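My entries follow in the order I made them.

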Amino acid sequence: MNTVKQDSSEWAEGLNLMAGPYFLGLYQPSPETKGFWEGVTRHELLLKWCPACQRAHHPKRIVCTGCGSAELSWKRSEGRGKVYSFSEVHHVADKAFMASAPYTIGLVALEEGVYLLSRLLAEPGPIAIDQPVRLDFRVLESGRLLPVFKVGQP
Ligand SMILES: [Zn+2]
């Protein structure tokens, strides 16, 4: 018996990335993140927004951590922040990433107070903690348009 709901097929589409036996679940829109992915197609980084307490949240957040409200909407990020942490990736989990390695991923602290894990582009390098970053969009290894951050560009 098929227990998958008929209407789940649209948002359940995603890149079926595996690391050995583990499904990484990358780039997989859900009902909670559908607005985020729609924003990406327009080159907009959308954050969850609580109108009650005027706080931005991670795009996956479904409840405001300030007031507990589930009435969150979307708000466009200015796309500026700083490098909070980063790591250079040399050993890739999927062969699709081999041509790009080494590449840098990092946690960006957005000015809105939200932390996002993303690809960091150093133009020019090297990358350091607290360097300013600016939002950009690139088609990465998956063939999908994704938000990335250029380092050293306030
Ligand atoms: Zn709130």
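Which residue in S7 is the bridge partner of Gly-81? I looked it up: the partner is Leu-110.

**Ground rules.** I am working on a predicted model, where local features need pLDDT of at least 70, side-chain atom pairs count only at pLDDT 80 or more, and totals for chains, interfaces and linings use all residues. Residues are numbered from 1 along each chain as its sequence is written.

**Inventory.** I count two helices and ten strands in the chain. Helices (H or I, at least four residues) and strands (E, at least two) are DSSP runs, numbered from the N terminus. From that end I read the order α-β-β-α-β-β-β-β-β-β-β-β. Next I checked burial. A residue is buried if 20 or more other C-beta atoms lie within 10 Å of its own, exposed if 12 or fewer, and partly exposed in between, with C-beta atoms placed from the backbone. Of the 154 residues in the chain, 19% are buried.

**Barrel.** I traced five strands that close into a barrel, in the order S6-S7-S8-S10-S9. The pairing is mixed. Two strands pair if DSSP finds at least two bridges between them. Neighbouring strands of this sheet are turned by 45° against each other on average, direction ignored. Axes here are lines fitted to C-alpha atoms, for helices over the stretch in contact, and angles run from 0 to 180 degrees between N-to-C directions.

I then followed S6. S6 and S7 run antiparallel and are joined by eight bridges. Besides the Gly-81 bridge to Leu-110, I noted Phe-86 with Gly-106 in S7 as its bridge partner. S6 also pairs with S9, antiparallel, over three bridges. There Arg-80 stands opposite Arg-134.

**Open sheet.** I found three strands in an open sheet, in the order S4-S3-S5, with antiparallel pairing. S4 (55–57) and S5 (73–76) are the edge strands, each pairing on one side only. The twist averages 50° from one strand to the next. Four bridges join S3 to S5. On that pair, Leu-46 stands opposite Arg-76.

**Core.** A nonpolar core is a set of buried Ala, Val, Leu, Ile, Met, Phe, Trp, Tyr and Cys residues joined through C-beta atoms within 7 Å. The largest one has 18 residues. Val-83, Val-108, Leu-120, Val-133, Phe-149 and Val-151 touch the most other members. Two or more residues each come from H2 (34–41), S3 (46–50), S6, S7, S8 (115–122), S9 (132–139) and S10 (145–151). S3 gives the largest share, four residues. Why does this core lie between domain 1 (9–76) and domain 2 (80–151)? Both domains give residues to the core, so it lies between them. The domain bounds come from an automatic or database domain assignment.

I picked Leu-120 and listed its contacts. Two residues are in contact if their C-beta atoms, placed from the backbone, lie within 7 Å. Leaving aside neighbours within four places in sequence, Leu-120 is in contact with residues including Val-83, Phe-86, Ile-105, Phe-149 and Val-151.

**Loop residue.** Last, I turned to Ala-99. Ala-99 sits in the loop between S6 (80–89) and S7 (103–110). Is Ala-99 buried or exposed? Ala-99 is exposed, because 9 other C-beta atoms lie within 10 Å.
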